[in-house]
Amino acid sequence: MTKKPNIVICMADQMRYDTRKSKGFALDTMPYLDSLCTQGIEFDRAYTPNPTCMPARVSMFTGRVPSAHRVRTNHNAKDALYTLDMLDVLKKQGYKTALCGKNHSHLSLSNFDFSKVNGHLGTEDGHEISEKEKEVDDFLKTLNFCDCDHPSPHSVKEQLPYRNVSDFFTFFDQCRKENKPSFAWVSFAEPHNPYQVPEPYFNKFSPESLPEITTTMQDNEGKSASYAFMDWAWDKVYKSERKERILRDRSNYYGMLSLLDDQIKRLVEGIKERGELDNTIIFILSDHGEFIGEYGLIRKGCNVAQVLAHIPFTVIGCNVRKKGIDRKNFISIIDIFPTICDMIGVPVPFGVQGKSFLPILTGEDYPEKDFSIAYSESGFGGLFWDKDKDSLDPVSEGATNDYNAFDCLNTWTQCGETRMIVKDKYKYVADMMGNSWLYDIEKDPYETENLAEKKEYIPVVCDMARELACEMMRKADTIPSCSARYRTKLHPKRYFFDNSFCVKQDPGVKYYPVECPKRREN
């Protein structure tokens, strides 16, 4: 057993919060993940800072929202701005670090001590794989990031999630042998499209047996223009087969969840079998969600929709109390980094905007108001694009190639600026043009009725708009710091509402960073 706890971040890509039986879904897609709340804490109110892959992942490693770290799209890795990130801190504390699976962050492979990397189309870093594994990778490349109407080739052992967990144990066992504390990012590329899955998961939830989707394309009315654009785009890509193909997408997606559930079980139980669970903390989450049929859409792209922004999030292991489901506290992906700093007893780096939820994990006191809202953002600035007025089309933009495939993250869905908060049972969304939406997500979790224009909800709208403005100011970037005499007052756990906190005069304490903000070389 090492003195410092081992850390595992087990992240899925595009995994919905609510497509599990414990959340009221009709199908039992992930029974093991459902059961894990009895071994730790499942946060029922967890959110991503941005429902897009790279912005969310950079946020996790820097503890900063995308408007601060500046990676606001999937194409801005080199722009990441921060002082120290999670790997910097852990390496200084003697941790060996690993990436097993998908990267898609600002980090390069050389930043990790161990890496076996794949994307959605198979191995990306040239590491050695078997002939059957290569055949799986070659198969993935034939799907145009869309779907498949037959089982993926070969057995579960040749699939990417199984390989990711096997690579993790290679790394984990080596660290145990060297008596080194370990950090591993086990990053599944699934259940992100291409929607495909092998036996015995293919048709485990057959298309004809799926529960009905409660929303329709008509529920897009009154929403942002990105919904209408996505509706138009999927008609272009799927044509007359759209209804049938979305059913197959859903079937494969739920099968992929079941495959991941078994691999999460294999990972957790393997750590237990090695006698290391009490010395390891495991975060299990997704970077963002997925439409998978809601509003007649699939994938993502429509700013901060609830099914995209709300994420699954479970924590088990070292010093985590067995609380079950926490339905009270809002937490974010940006909170993971300061929580890890708090856990291993090191200062939170300057510029980190997340806050430590370690006291919630361990049952200690904490300022509840700091966990009373969720915040998320979307957009890379400028005006909203209009496909009917502006002289740019998805082929010219690069979002598709003759509509055989389609990238849902594109000029039309990512432009402009959108912000949201959730407080109590209400969600409030606003964009830079003054458009706003208010939803009662307890009664209306799929956001079909905008309450913002109803007179009786004016007090709620006013309160939520004020809360959003306050949270955006709290997320104002402290970087760059003043290099002269001014001191930035920061709570060590990055709280704002701890009334007992005060700064005692100490000439040795630095309130601004010695080193300048940096960008990693990729």
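Guide: The discussion below takes up the cores, then the cavities, then a pocket. This is a predicted model, in which local features need pLDDT of at least 70 and side-chain atom pairs count only at pLDDT 80 or more, while totals for chains, interfaces and linings use all residues. Residues are numbered from 1 along each chain as its sequence is written, and side-chain values use heavy atoms, with hydrogens and water left out.

Visitor: How many residues does the largest nonpolar core have, and which have the most contacts inside it?

Guide: In soluble globular proteins, nonpolar side chains tend to be buried together. A nonpolar core is a set of buried Ala, Val, Leu, Ile, Met, Phe, Trp, Tyr and Cys residues joined through side-chain atoms within 4.5 Å, where buried means under 20% relative accessible area, exposed over 50% and partly exposed in between (1.4 Å probe, protein chains only). Here the largest such core has 61 residues, and Phe168, Ile264, Val268, Ile271, Phe291 and Phe406 have the most contacts inside it. Helix α8 (residues 242–273) gives the most to this core, with nine residues; helices (H or I, at least four residues) and strands (E, at least two) are DSSP runs, numbered from the N terminus. Another core, of 46 residues, lies apart from it and includes Ile41, Phe183, Phe283 and Ile331.

Visitor: Which residues line the largest cavity?

Guide: Rolling a probe the size of a water molecule over the atoms shows where empty space is left. On a 1 Å grid over the protein atoms alone, a cavity is a set of points where a 1.4 Å probe fits but cannot get out, whereas a pocket is an open set with protein on both sides within 12 Å along at least five of seven lines; lining residues have an atom within 4 Å of a point. Three cavities of 30 Å³ or more are found in the whole structure. The largest holds about 80 Å³ of space, and its lining includes Val136, Leu140, Glu190, Met256 and Leu260. Helix α8 gives the most to this lining, with three residues.

Visitor: What is the volume of the second largest pocket, and which residues lie nearest its centre?

Guide: Its volume is about 600 Å³, a volume being the space filled by probe spheres set on grid points joined across faces, edges and corners. Of its 31 lining residues, Tyr17, Asp18, Lys23, Pro445 and Tyr446 lie nearest the centre. Strand β2 (40–47) supplies the largest share of the lining, three residues.
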